[in-house]
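Hi,

Here is the structure I promised to pass on. My notes follow below it.

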2 protein chains.
Amino acid sequence: MAESPITDTTEAELDEVMQRAALAAPHLAAMRPGERAVLLRRAAGALDAAAEDLVPLAQAESHLPEARCRGELARTTFQLRLFADVLDEGAYLEAAIDTADPDWGMGPRPDLRRVLVPLGPVVVFGASNFPFAFSTAGGDTASALAAGCPVVVKGHPGHPRLTRRTAEVLTAALAEAGAPAGTFAVVYGVETGARAVRHPHTKAVGFTGSIPGGRALFDLAASRPDPIPFFGELGSLNPVFATSAAVAERGDEILAGYADSFTLGSGQFCTKPGVLLVPEGTKLDALVDTIAGRGPAALLNERVQSGFESGLASLVEHPSVEVLVHGRATAGEWTPTLLRTDAAALLDHGDTLLAECFGPTSIVVDYTDEQQLLDIAASLHGQLTATVHGREDDTVVPALLAILAQKAGRLLWNGWPTGVSVTHAMTHGGPYPASTSASTSVGSTAIGRFLRPVSYQSVPQALLPEALRDANPLDLPRRRNGRPE
Amino acid sequence: MAESPITDTTEAELDEVMQRAALAAPHLAAMRPGERAVLLRRAAGALDAAAEDLVPLAQAESHLPEARCRGELARTTFQLRLFADVLDEGAYLEAAIDTADPDWGMGPRPDLRRVLVPLGPVVVFGASNFPFAFSTAGGDTASALAAGCPVVVKGHPGHPRLTRRTAEVLTAALAEAGAPAGTFAVVYGVETGARAVRHPHTKAVGFTGSIPGGRALFDLAASRPDPIPFFGELGSLNPVFATSAAVAERGDEILAGYADSFTLGSGQFCTKPGVLLVPEGTKLDALVDTIAGRGPAALLNERVQSGFESGLASLVEHPSVEVLVHGRATAGEWTPTLLRTDAAALLDHGDTLLAECFGPTSIVVDYTDEQQLLDIAASLHGQLTATVHGREDDTVVPALLAILAQKAGRLLWNGWPTGVSVTHAMTHGGPYPASTSASTSVGSTAIGRFLRPVSYQSVPQALLPEALRDANPLDLPRRRNGRPE
């Protein structure tokens with residue numbers, strides 16, 4: 001079967017897509033949360049059922065192994081079903097009722113009731129490294145649809161055929177389940193993406209990708225006549241701090257875990273540990289052997305390859321950097337690189353040495369005393385994660401965790417940052433440049449990005465949204481007069 | 001007693017203030033919520049006790065009557081105490097615990113625990129029209145301090161002596177109650193304000209004021225090397241839609257309420273109803289008499305006066321506008337102006353006729369059929385409020401409320417938008433330009449603007465923040481595995 005080529009969406013086509021999204025918005029918003037839950041579960045079922053179609057496309061276009069692609073599709077449909085559960089439970093609406101109170105401390109209070117409502121059409125930019133879970137039907141799409149926002153995905157050029165097929169499956173499933181026409185669409189092209197961010201019907205943007213690309217789109221969103229929120233997840237170094245006591249106790253285990261974590265998926269994770277801090281004198285021979293013995297693996301696409309090559313070159317050539325293992329490139333496949341420097345150099349040259357290099361490389365940093373861990377932590381930009389390997393009785397640890405809580409969205413203890421569970425208490429986001437907002441793009445609270453509050457003052461029962469009626473027909477958990485109902 | 005003159009803060013002085021705020025930040029963040037509640041209550045007590053000092057300054061500088069100033073001070077200290085109650089209750093921390101789960105649907109889940117943490121130093125720009133409640137010790141300051149963020153207020157030039165005295169009382173009370181040095185400060189000068197928004201230690205901005213002023217500062221915040229959130233409340237027209245049935249039933253009452261609401265405080269409220277839509281043929285004679293009979297009142301300051309004069313001139317001179325009552329200016333005092341146009345003109349010239357004119361004027365709009373109410377609602381920019389006067393059985397009402405929920409943060413039924421209760425379910429904010437964010441600047445949830453989530457993965461009990469320990473020593477309402485604990 002000959003497939004039609006995938007071409008850039010024209011300006012007129014984009015305008016039609018955005019019009020349809022804007023028309024769908026009030027209808028999608030008016031559906032009960034439980035009705036949207038049905039849409040999400042039907043979408044999840046259809047994507048699962050299309051696995052034999054989708055997985056080979058993902059493998060072919062992203063060079064990821066089959067098991068990883070299957071696992072990621074399962075993660076994607078799990079996410080859709082988790083948001084369906086969130087809709088069924090209903091706390092996400094933050095429904096609150098303050099009854100009229102003539103004796104309220106600042107003067108008589110009218111009846112006031114608040115509920116969260118969807119923002120309107122959301123434009124989603126997916127990432128190349130998760131062709132399912134952070135792309136067409138990924139977390140931003142799932143959380144925006146759950147919130148009640150139509151979604152227009154700007155298809156990622158790294159996996160265009162997978163994008164198209166995923167969109168076909170999703171669009172058909174949503175239509176069959178009764179979603180309004182225009183609830184979901186995909187568009188293509190770099191300029192189309194920029195136009196979509198500037199389009200008057202767009203009310204928010206979800207983005208996962210690089211710092212330069214994300215910042216350029218953030219600037220477009222902020223400079224609109226009506227600025228819109230830009231929920232970008234841009235990049236992170238994910239530093240790992242190992243205390244002297246931890247290395248003395250289980251140094252081999254820490255270095256082995258580090259080798260596995262930074263080379264996982266050829267280092268193509270936004271949670272890759274890009275730097276490991278160890279005490280001066282830590283023996284790295286076994287680590288060097290492990291890394292030197294790793295075979296080559298393909299990178300996602302040519303853009304990732306060229307970005308990795310130039311980032312790696314600037315690290316390797318830096319006068320403060322010692323190359324412990326220099327990765328080799330053959331036929332587009334790379335073996336991992338291991339670098340080394342010391343804490344003083346890191347503090348002096350943080351702008352270069354602490355820049356994210358997306359791909360299979362990481363840098364080990366010697367420190368001479370644990371005070372340097374605090375200084376380095378304090379010098380960091382915002383991070384998705386920060387990890388401490390330590391002992392509970394390490395004197396440096398409480399201060400280190402306190403500083404890292406100011407710098408990162410997720411703090412790990414004696415673990416590794418790769419692997420982001422999709423759950424309620426997850427935060428995948430952090431101060432800039434990790435994120436462009438104070439929110440998470442993974443886990444059930446990601447839905448909150450696409451909602452805003454509306455209060456109803458003295459509105460009669462029959463004219464109130466169901467969420468706010470006294471009879472509570474949606475059976476929501478609510479707050480009344482400042483306490484759970 | 002000779003007072004020292006109030007001069008612009010120098011760049012070096014600002015830098016020192018921001019350094020002190022940054023140093024205070026981790027200490028303020030580390031206080032238990034209940035400890036910060038004590039700070040807020042002590043601040044409230046000190047401000048109440050200083051009423052005889054503060055109220056005369058407010059009267060002298062803002063030309064507001066004594067009763068209004070006393071009421072507004074009471075509102076201000078009520079706000080501080082309400083946030084103290086919010087801290088004592090603890091739900092604002094959104095503490096969540098997901099226990100380790102080997103059978104979690106997308107793969108084994110580690111122990112994950114999330115809590116909200118303060119962003120860091122917040123710069124606050126107060127408004128001229130609420131010298132207490134939206135200024136130095138106002139809602140932005142109260143909610144940021146409650147969140148655990150040091151506050152640097154850019155003093156409003158409309159009430160500099162009140163600003164200084166309020167800051168002295170607040171600073172002394174906070175210090176006596178044990179707040180870290182640097183928790184609160186005030187700075188002066190237009191350029192100082194811009195520098196404060198750009199200062200590397202600033203992590204968020206709260207702003208109440210005009211659209212041009214707010215947008216300029218929003219642009220500075222967004223264009224920083226590390227963009228920061230800018231919570232601006234900029235302006236609103238607050239349209240009021242009266243159905244034919246409502247006017248037939250109680251037209252006199254509606255017009256009398258309108259007259260009182262738009263002239264309250266000389267129309268110097270961001271919730272002033274700037275437009276009233278009534279059916280063609282509505283008798284306005286009594287309204288005209290009422291407005292023409294109102295005496296003059298001073299505007300807040302010269303800047304407000306000149307802004308009002310130029311805004312009013314462009315409305316009065318518009319060919320589609322009929323002047324029903326032309327206000328008179330004598331010695332800086334104004335009587336109110338009442339204008340009139342029709343729905344077709346409003347739809348054609350919305351950019352001019354629907355621009356906010358801050359001061360004692362409003363425009364009555366005739367409509368010929370209720371479909372025009374829907375068209376006008378759909379044409380609106382974002383609003384703080386939208387009001388419907390109607391009957392429950394009016395056929396136009398459900399569609400009108402649905403459109404207005406997309407345009408405004410607060411919907412009122414058969415009431416008036418002036419008067420904003422400080423309570424849990426309040427939303428004072430709306431789509432741009434009403435706000436630059438999807439949040440409220442009034443009410444207990446305003447605290448959420450200054451917080452971001454941090455998750456702890458597999459961190460031992462002793463190293464977790466108290467909010468996340470199994471024993472729940474802070475006695476917080478929390479969620480565990482997606483449900484209330």
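**Notes on the model**

Thr77(A) is found in helix H4 (residues 66-89) of chain A; helices (H or I, at least four residues) and strands (E, at least two) are DSSP runs, numbered from the N terminus. This is a predicted model: local features need pLDDT of at least 70, side-chain atom pairs count only at pLDDT 80 or more, and totals for chains, interfaces and linings use all residues. Residues are numbered from 1 along each chain as its sequence is written, chains are lettered from A and ligands numbered from 1 in the order written, and side-chain values use heavy atoms, without hydrogens and water.

Thr77(A) is buried, at 2% relative accessible area (buried is under 20%, exposed over 50%, partly exposed in between; 1.4 Å probe, protein chains only). Leaving aside neighbours within four places in sequence, Thr77(A) is in contact with Ala44(A), Leu47(A) and Asp48(A) (contact: heavy atoms within 4.5 Å).

**Chain A against chain B**

Each side is listed here: 70 residues from chain B and 70 residues from chain A. The two chains bury about 5500 Å² between them, 61% of it on carbon and sulfur atoms (accessible area lost on being put together, 1.4 Å probe, summed over both).

The rule finds two salt bridges across this interface (a side-chain nitrogen of Lys or Arg within 4 Å of a carboxyl oxygen of Asp or Glu). Arg479(A) and Glu89(B) meet in a salt bridge, 3.1 Å from N to O. On the side of chain B that touches chain A, S18(B) gives the most, with seven residues.

Best wishes
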